Amino acid sequence: MADPRPRRPARPREEVFATARAAIAEHGLAKLTMAGLGKQLQMSAGHLLYYFGSKDQLLLETLRWSEEQLGSRRHEAMADGARDVWDRLSEYTRLYLPEGPGDPRWILWVEVWGRSPASEELRRGQLEIEAPWDADLVALLDEGAASGRFTPGAAAERAAQIRALLDGLAVPLALGLPGAGRTRALALAGSACGTLLGAEG
């Protein structure tokens, strides 16, 4: 009796997500097929569907993995009490905004936002992924107000305003729209935060 064919080992989680992120950023989720992604990974489409169930779930899990890449850096920077709160707020902004047009991480966000109105699963997952960003910013704003570096104010409301501003700067930058650039976005974010928090950073 012939020996059974050896099974191809499963690809590491990081390789699957990195490949999916690159493919979605280059072609968009609509043009991505499980068969095409599987071919890049030398896996079957059925194998991918077994683990993810759908392209929406693949998108969500790829976004979650993508955000985890920055999560430890962000949390470490925000918790570093030896650095001034203004410096840490600037670091938060630098981590939040896209690196430039076509930033794969931000293209994933654009895809999620575009599909979430029709998917409760995506909306719920989006909020879960955003929650650590919000929590770290609220904690930093509370610390800054308590130390007198920021003027007093409701940290949750201020955090919502800052993140709305950053999202508004990020999308045109990620899409490469005319007039949008990272240097300008960082400068506008810094100026707006200075006005909102009542002091010069």
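Which helices each supply at least two residues of the lining of the second largest pocket? They are α4 (55-78), α5 (85-96) and α6.

## The model

This is a predicted model, in which local features need pLDDT of at least 70, side-chain atom pairs count only at pLDDT 80 or more, and totals for chains, interfaces and linings use all residues. Residues are numbered from 1 along each chain as its sequence is written, and side-chain values use heavy atoms, with hydrogens and water left out.

## The chain

The chain has 9 helices and 0 strands. Helices are DSSP runs of H or I with at least four residues, strands are runs of E with at least two, and numbering starts from the N terminus. The C-alpha trace spans about 80 × 35 × 30 Å along its principal axes.

Of the 201 residues, 42% count as buried (under 20% relative accessible area; exposed is over 50%, partly exposed in between, with a 1.4 Å probe and protein chains only). Take the contacts between residues at least 6 apart in sequence: 67% of them join residues at least 24 apart. Contact means heavy atoms within 4.5 Å.

## The second largest pocket

About 190 Å³ of space lies in this pocket. Of its 14 lining residues, the closest to the centre are Leu 70, Arg 73, Leu 95, Glu 99 and Arg 105. Helix α4 gives the most to the lining, with 4 residues. By class, the lining has 4 nonpolar, 2 polar and 8 charged residues.

The terms are set on a 1 Å grid over the protein atoms alone: a cavity is a set of points where a 1.4 Å probe fits but cannot get out, a pocket is an open set with protein on both sides within 12 Å along at least five of seven lines, and lining residues have an atom within 4 Å of a point. Volume is the space filled by probe spheres set on the points.

## The cavity

The structure holds 1 cavity of 30 Å³ or more. About 70 Å³ of space lies in the largest cavity. Its lining includes Glu 67, Tyr 96, Arg 105, Trp 106 and Asp 167. Two or more lining residues come from each of α6 (104-115), α7 (120-146) and α8 (155-175). Helix α6 gives the most, with 4 residues. The lining divides into 5 nonpolar, no polar and 5 charged residues.

## A buried threonine

Thr 93 is found in helix α5. Thr 93 is buried, with a relative accessible area of 5%. Not counting residues up to four places away in sequence, Thr 93 touches Leu 166, Leu 186 and Ala 189.

Technical notes
Ala, Val, Leu, Ile, Met, Phe, Trp, Tyr, Cys and Pro count as nonpolar, Asp, Glu, Lys and Arg as charged, and the others, Gly among them, as polar.
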